[in-house]
Amino acid sequence: ITFRKAREMVTYLKDGGFIAGNTERVTLDFVTFNAEVNLFVSVKVTFDWTPAGQIRWDWEIQSTSVDTYTVSAFFWARIVSEVAILIMCIFNIFLELYDIMAEIKAFRLGQYLTSPFNWVDWAFFVTHMAAWAQWATLLASTSGFKMATEYRILTDPSAISRYFQTDPAEEHKFLTFKSDVNLAVQGFARYNVLSGIS
C-alpha cells in the first residue's frame, strides 16, 4: 500500500479508538482459503511495542481442511485403512482386558499392575482412542460448515462513523465463519498432538 493509504488507515484506527499513543500490542488475525487443495489457513501476527521503542513481532500459522472426506480414488483406501486400524485397536483393548481378568482369577493383579509394559500399552490405548474421539468431534463440528461466496461488510466506506460504514449482520456472519474456521484449526491441532503421541 502507499504511504498515504497507510496514513489514512492509521488515522482511521486512531479515530475509532483501536490504537492510541500508549498502545502496547496490535494483533492481526485473518483466514485464507486455498480452493485448489481445499485448505484453510489461520494466521495470527502480533506486534508488541517495547518501552524502548522497539517493535517485536511474532506469528502463528495453523491449517485445516473442513472437507476431510472428499470422494476420490484415495477415499475408499483411506476409509478401509481407518476402519481396520480402529478394529485392531479395539481388539487389542479386549485382549488386554482379557489379560487383566486372567490375572485377577489367578490372584496376580499386582504383578500385572507393576509391569511397565502394561502401563505403556494402556497409555497407547488411551491416547489412540482420544485421538479417534477428537477426530470424530472435528468431523461433527465441520460437517455443517458453510462459507458464503462473499461477505459485504463495508457498506459505506466514506461514512464518518464506523457504525454506518459496516453492515452488522454481514460482519456477524463473517466473524461466525472465522470462529468456525479457528475452532476447526484448533481441533485439528489437538488431533495431530494426540495421534502423534499414540
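**Terms and values in a predicted model**

Reader: Why does glutamate 82 count as buried?

Author: Glutamate 82 counts as buried because its relative accessibility is 18%, and the term covers any residue under 20% relative accessible area, with over 50% called exposed and the range in between partly exposed (1.4 Å probe, protein chains only). The model is predicted, so local features need pLDDT of at least 70 and side-chain atom pairs count only at pLDDT 80 or more, while totals for chains, interfaces and linings use all residues. Residues are numbered from 1 along each chain as its sequence is written, and side-chain values use heavy atoms, with hydrogens and water left out.

Reader: Where does glutamate 82 lie, and with which residues is glutamate 82 in contact?

Author: Glutamate 82 belongs to helix α2; helices (H or I, at least four residues) and strands (E, at least two) are DSSP runs numbered from the N terminus. Beyond its neighbours within four places in sequence, glutamate 82 contacts Tyr69, Trp132 and Trp135, where contact means heavy atoms within 4.5 Å.

Reader: Which residues line the second largest pocket, and what makes a space a pocket?

Author: On a 1 Å grid over the protein atoms alone, a pocket is an open set of points, reached by a 1.4 Å probe, with protein on both sides within 12 Å along at least five of seven lines, and lining residues have an atom within 4 Å of a point. The lining here consists of Ser81, Glu82, Ile85, His128, Ala131, Trp132, Trp135, Tyr191, Ser195 and Ser198. At least two lining residues come from each of α2 (73-105), α4 (116-142) and α6 (168-197), and α4 has the largest share, with four. The space amounts to about 170 Å³.

Reader: How do the residues of that lining divide into nonpolar, polar and charged?

Author: Five are nonpolar, four are polar and one is charged. In this scheme Ala, Val, Leu, Ile, Met, Phe, Trp, Tyr, Cys and Pro are nonpolar, Asp, Glu, Lys and Arg are charged, and the others, Gly among them, are polar.

Reader: How do you know that the span of α4 agrees with its number of residues?

Author: The expected span is 1.5 Å times one less than the number of residues. For the 27 residues of α4 this should be 39 Å, and the end C-alpha atoms are 39 Å apart, so the two values agree. Glycine 17, with a positive phi near 80°, follows α1.

Reader: Which residues of α4 are buried, and against which elements do they pack?

Author: The buried residues are Asn118, Phe125, Thr127, His128, Ala131, Trp132, Gln134, Trp135, Leu138 and Thr142. They pack against α2, α3 (109-114) and α6.

Reader: What makes a set of residues a nonpolar core, and which residues make up the largest one?

Author: The members must be buried Ala, Val, Leu, Ile, Met, Phe, Trp, Tyr or Cys residues, joined through side-chain atoms within 4.5 Å. The largest such core has 10 residues: Phe40, Val66, Trp132, Trp135, Leu138, Phe145, Phe177, Val181, Ala184 and Val185. Two or more of them are given by α4 and by α6, and α6 gives the most, four. Among the contacts of Phe40 beyond four places in sequence are Val66, Phe145, Phe177 and Val181, together with Thr32.

Reader: What is the class of tryptophan 49, and what is that of phenylalanine 107?

Author: Tryptophan 49, in strand β2 (residues 39-49), has a relative accessible area of 35% and is therefore partly exposed. Phenylalanine 107, in the loop between α2 and α3, reaches 78% and so counts as exposed. Its phi is near 60°, a positive value in a residue other than glycine.

Note on methods:
Grid points are joined across faces, edges and corners, and a volume is the space filled by probe spheres set on the points.
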